[in-house]
Amino acid sequence: MKRISIFGATGSIGQSTIDLIKRDKASYDVIALTGGANIAQLAQDSRDLSADIAITAYEEQLPALRDALSGTGIEVAAGQAALVEAAARPADWIMSAIVGAAGLAPGFEALKHGTSLALANKESLVTAGPLLLAEAAKHKARILPVDSEHSAVFQALVGEQISEVERVIITASGGPFRTWSAEQLKGATLAQACKHPSWDMGQRITIDSASMFNKALEIIETKEYFGLEPEEIEVIVHPGSYIHALVGFKDGALMAHMGVPDMRHAIGYALHWPERRALPVERLDLAKLGSLQFEAPDEVRFPALRLAREVMQTGGLAGAVFNAAKETALDLFIAGQVGFTDMAVMVERVLAQMSPDLGHQDVQITLDMVYQADAEARARVLSLQAGA
Ligand code: NAD
Ligand code: MG
């Protein structure tokens, strides 16, 4: 039996992972499931999968979780330290599907114990990519990409040499505002930003897709995970989301990865890797699809893409600052305190304020430095807001 844990089990990726596990319960020994405030879901899945321990990220939810699981023999715990402790428990594979920089610490801990890390949490690579990869190498632990684009590239590279890759093209749906003017974007509402045209995902990544911050994070994630140069990474807008990424080799060949937009494909690939097993995803009917649509991304209406290039240029702690500033600006947008286009303006300002101190190319970056840069970026976004 494969010993597994799911961090962020109650979220969109977590639930898709659980869907696959529930179809083949006998093959898995579930160690830990973690969630946030959705205690009913966390308790239900912990019972159904006979988890050893259920953890809520929030201390105040512990009594509710304890009640919901009383008499089951399932251990309960709460808080960030408990999440890290759970990641240290012996396991073969963990799914890292907490949203935001909060996902970094448990994933990092799992690697220290040689556990394979299925990484949906792109923020880990954006904020601390080199640290994470070094830790994985040190403990001979695998990081398996789960973001659909990165899973696609990973699959297209099977049997290939990364040195023979000329470029990687990741696709973007363009989100709900693909055809909106700059003027219209200023008035975009939360409800409008939450309507993704092709993928069904958690609220935060859905809004990040509308602003293209998601694709910005993914460009950096591609650079970090595959060790590519920024200029080797391209983005193409492809509204249907049927091609997830393409790898271009030095002979000009392009290998595309296609499939219906269903995260259970990338999750299942990471779960069964290096094997492929049957997955309950709809098969793509090309004749029904008829044609594929592409267009160039617009970095003027969607400045997040341009900012990602600046972040890669600066290097060092710029990824941590970029992500944290984005997370805080997103909190403010969700709370109705800033407009849709203000998010990129705030992130750009904070990057400009902090960038003279960010390029630590020659300095050994530590996790503490990442957390400090993260905290400072969050505080700076809030003070911009207070001063506005
Ligand atoms: P979600 O919001 O649906 O779920 C997030 C999970 O994290 C929940 O279980 C929640 O309880 C938990 N969580 C939230 N804040 C936390 C905190 N501070 N500490 C601990 N746990 C916390 O998110 P999602 O859409 O499933 O995305 C999860 C991750 O996967 C993100 O990094 C996202 O970018 C990435 N991802 C998601 C998709 C998708 O289709 N949903 C696709 C590619 C990548
Ligand atoms: Mg993606």
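This is a predicted model: local features need pLDDT of at least 70, side-chain atom pairs count only at pLDDT 80 or more; totals for chains, interfaces and linings use all residues.
Local features need pLDDT of at least 70, and side-chain atom pairs count only at pLDDT 80 or more. Residues are numbered from 1 along each chain as its sequence is written.

Colleague: How many aromatic pairs does a search of the whole structure find?

Modeller: Rings of Phe, Tyr and Trp (its six-membered ring) pair if their centres lie within 6.5 Å. Planes under 30 degrees apart count as stacked, over 60 as edge-to-face, and the rest as tilted. Searching the whole structure on that basis gives 8.

Colleague: What kind of pair do Phe 154 and Tyr 269 make?

Modeller: Their ring centres are 6.2 Å apart. Their planes stand at 80°, so the pair is edge-to-face.

Colleague: How far apart in sequence are the parts that this pair, Phe 154 and Tyr 269, ties together?

Modeller: Helices here are DSSP runs (H or I, at least four residues), numbered from the N terminus. Phe 154 lies in helix 7 and Tyr 269 in helix 12 (residues 264-272). The pair therefore ties together parts separated by 115 residues.

Colleague: Is Tyr 225 buried or exposed?

Modeller: Buried means under 20% relative accessible area, exposed over 50%, and partly exposed in between (1.4 Å probe, protein chains only). Tyr 225 has 16% relative accessibility, so Tyr 225 counts as buried.

Colleague: Which residues do ring pairs link into a cluster?

Modeller: Tyr 225 and Phe 226 form an edge-to-face pair, with centres 4.7 Å apart. Both belong to a cluster linked by ring pairs. The members are Phe 154, Tyr 225, Phe 226, Tyr 269 and Trp 273.

Colleague: Where is Glu 164 placed?

Modeller: Glu 164 is partly exposed, at 34% relative accessibility. Its place is between helix 7 (148-156) and strand 8 (165-172), in the loop.

Terms used:
Chains are lettered from A and ligands numbered from 1 in the order in which they are written. Side-chain values use heavy atoms; hydrogens and water are left out. Helices (H or I, at least four residues) and strands (E, at least two) are DSSP runs, numbered from the N terminus.
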